[in-house]
Amino acid sequence: GCLLLWLLPSVLRAQSSGEARPRATPCHQSPTKVSCKGVGLRKFPRELGQGVKYLELSNNFIQNLSGSHMLGFGQLEYLDVCFNQLEAVSATTLAQLPQLRSLLLGSNHLDHNYVANGRAFHLLRNIEVLDLSANNLESHMAGWYISNLTKLRMLDLSGNKMTRLLAGTFWSTWQLRELDLSNNYIMEIEEGAFEALEELEVVNLALNSLHCISGFSLTQLRVLNLSHNALELFVSEEGAEPYLLQVLDLSHNRLLYFPELPKAHYLTHLNLSNNLIASLLPGSHHLGEFVLRYKEMASFNGTSSAAAGLTHVADLDLSNNRLQLFPFTFFQSLGSLRSLSLAMNCLQEVARESLASSTEPSDRSPVPPEHAALSVRSLDLRSNAIHVLPPWFFDSLPQLETINLGSNSLQPCESQGSDWAGNSGRGFHVPAPGGNCTPFYNVPHLKHLNLRKNNITRLCPYAFNQTSLLSLDLSGNKDLFVPKEALGGLEFSLQKLSLRDNQMDNSKAELPCLGTLKVLDLSGNNLSLLPTGLFCSPLESLDVRHNNLVVLEKPALTSWSRSLKDMAVAGNPFSCCSLGWLDT
């Protein structure tokens, strides 16, 4: 009450003198930039300072842009009105914005009044960036909006209701460099639709309903995204001019075979994941296997030269297809290949020999010659049905640093034993009984190995000797037994080790002294004691969640007191009477 009485005289004085308190604008202002994002505006803001060049009005409730509110914005270069309820844009408004270069109108209702709005857009003679995404625009509406924008460089028409690209849609936007048509319903691209776009470099046609790309002739393109369509065929046009394409995404389609790209000499990234490719062997595609929906299939000659011109491809993703064989011969011509993914296929074997004459790989054959080696540094083979890798496998991948073999059925071989520890020469691969194991020892260039979920029940002594691994994942191998000698040879290289979810008890985890180990995951086991071999490791991160630990040994924690940075211990039956280790 006292506070109100004290304030009352000053209020009465202000009213009697006719003083009006200025209304504070909810926008954030600087001399040339104003942001009114998400402040509940229903109309274009007034009383903004002169000279504003950047204006952000997204996430409001503005329904129209009328000329009466646009006075004083003659220097505006960037206007963002995305995520409003915009239905009408007047010609008077746009006529007052001669310097406008970027106009973002995504997620509005510009399908309403599109004829009048499009006529107003004809005044945007200097516009270079236009966002009309998510406006429920049909093909003819989108074409009308951009029909006179001759300086346009970037156009976003994603998330609309376009079903086809008409031949004359982009005739006036001949300077266009980036075009986003993703997430529409495009089923047809008329011949000549992109003919005027000689400067076009980036096209996104993902998430549409395209079934066939034949006679692909956009030689100047650098990036093309055709993922998430229904493509069964992709054939580039034969011609003398090479393609400048660097990135091609054909993932999540229905491709039956490797696409023909004879002139794509500059391609560096090719994504073919999530298709129906069943083989990369030459001559494996017989026309009888296909329903000849497209006349272009009649001239298809298989995959014999499909990869021949792809000399610059560094990243190739063939994951989640139907491949049953890993043919080295097919990838030989990819001299720049660094990353290869064949994850989630049906791979059972690895083929080394000339595949044109035989589809039966020979694991007992001699090591391939130098010219048969692949330049791959990262290889993903997880989630296949591989039971064994041949002895020459790693010799054919002399630059391989990372391999993911998770979710297969591989069993590591045993090396000759502890006398290897000081041997610096090339090792001899001891043949396994029946050839059912894979040698992971004596692979000096390999740094990262993932063998999770391979049903490995026992590691043999010195299984990774003279393979200077930095990280090793053996998680998800139920009841795994790791004798003390199993990790012999990794004492001075291994930095990260995962033995997660193996249901190991104390007798099955006999780790040696790993002098460089920094990260260890022992969660999801049945340990009541920590392996004593760990006490000499300079651990920085330790995960022992969901074990049977009642107490953590002080000697271990004392040795890690200066190195350990994070530790996860939840899900253990710790004794509340023995918590002295927390002090350490």
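Let's start at Cys-577. This residue is exposed, with a relative accessible area of 72%. On this scale, buried means under 20% relative accessible area, exposed means over 50%, and partly exposed lies in between, with a 1.4 Å probe and protein chains only.

A quick word on the model. It is predicted, so local features need pLDDT of at least 70 and side-chain atom pairs count only at pLDDT 80 or more, while totals for chains, interfaces and linings use all residues. Residues are numbered from 1 along each chain as its sequence is written, and side-chain values use heavy atoms, with hydrogens and water left out.

A disulfide here is a pair of cysteine sulfur atoms within 2.5 Å.

Let's take them in turn.

Cys-27 and Cys-36 are joined, S to S 2.0 Å. The torsion about their S-S bond is about 110 degrees, so this disulfide is right-handed. Both Cys-27 and Cys-36 are buried.

Next, Cys-413 and Cys-437. Their sulfur atoms are 1.9 Å apart. The torsion about this S-S bond is about 100 degrees, so the disulfide is right-handed. Both cysteines lie in the loop between strand 24 (402-404) and strand 25 (448-450), so the pair ties together parts that are 24 residues apart in sequence. Helices (H or I, at least four residues) and strands (E, at least two) are DSSP runs, numbered from the N terminus. Is this pair buried or exposed? Cys-413 is buried, at 4% relative accessibility. Cys-437 is buried too, with a relative accessible area of 15%.

Then Cys-513 and Cys-536. Here the S to S distance is 1.8 Å. The torsion is about 130 degrees, so this disulfide is right-handed. The pair links distant parts of the chain, 23 residues apart. Cys-513 is in the loop between strand 27 (496-498) and strand 28 (519-521). Cys-536 is in the loop between strand 28 and strand 29 (541-543). Cys-513 is partly exposed, with a relative accessible area of 40%. Cys-536 is partly exposed as well, at 36%.

Count the bonded cysteines along the chain, and the disulfide pattern reads 1-2, 3-4, 5-6. Cys-460 is in no disulfide. The nearest cysteine sulfur to Cys-460 is that of Cys-437, 7.2 Å away.

Now the rings. Rings of Phe, Tyr and Trp (its six-membered ring) pair if their centres lie within 6.5 Å; planes under 30 degrees apart count as stacked, over 60 as edge-to-face, and the rest as tilted. The count comes to 17 aromatic pairs. One of them joins Phe-216 and Phe-234, 5.5 Å centre to centre, with 45 degrees between the planes, and is tilted. Phe-216 lies in strand 14 (residues 212-216) and Phe-234 in strand 16 (residues 233-236), so the pair ties together parts that are 18 residues apart in sequence. Phe-216 is buried, with a relative accessible area of 9%. Phe-234 is buried, at 1%.

Compare Phe-393 and Phe-394. Their pair is edge-to-face, with centres 5.2 Å apart and 85 degrees between the planes. Phe-393 is buried, at 0% relative accessible area. Phe-394 is buried, at 5%. Both belong to one aromatic cluster, whose members include Phe-258, Phe-326, Trp-392 and Phe-464.

Charges meet rings too. A charge sits over a ring if NZ of Lys or CZ of Arg is within 6 Å of the ring centre and within 35 degrees of the ring normal. The charged end of Lys-33 sits over the ring of Tyr-54, 4.6 Å from its centre.

Last topic: empty space. Rolling a probe the size of a water molecule over the atoms shows where such space is left. On a 1 Å grid over the protein atoms alone, a cavity is a set of points where a 1.4 Å probe fits but cannot get out, and lining residues have an atom within 4 Å of a point. Points are joined across faces, edges and corners, and a volume is the space filled by probe spheres set on the points. There is one cavity of 30 Å³ or more. The largest cavity has a volume of about 30 Å³. Which residues line the largest cavity? Phe-216, Ser-236, Tyr-243, Leu-245, Leu-261 and Ala-264.

Technical notes. 1 Å grid on protein atoms, 1.4 Å probe; cavity = no way out; pocket = protein on both sides within 12 Å on 5 of 7 lines; lining within 4 Å.
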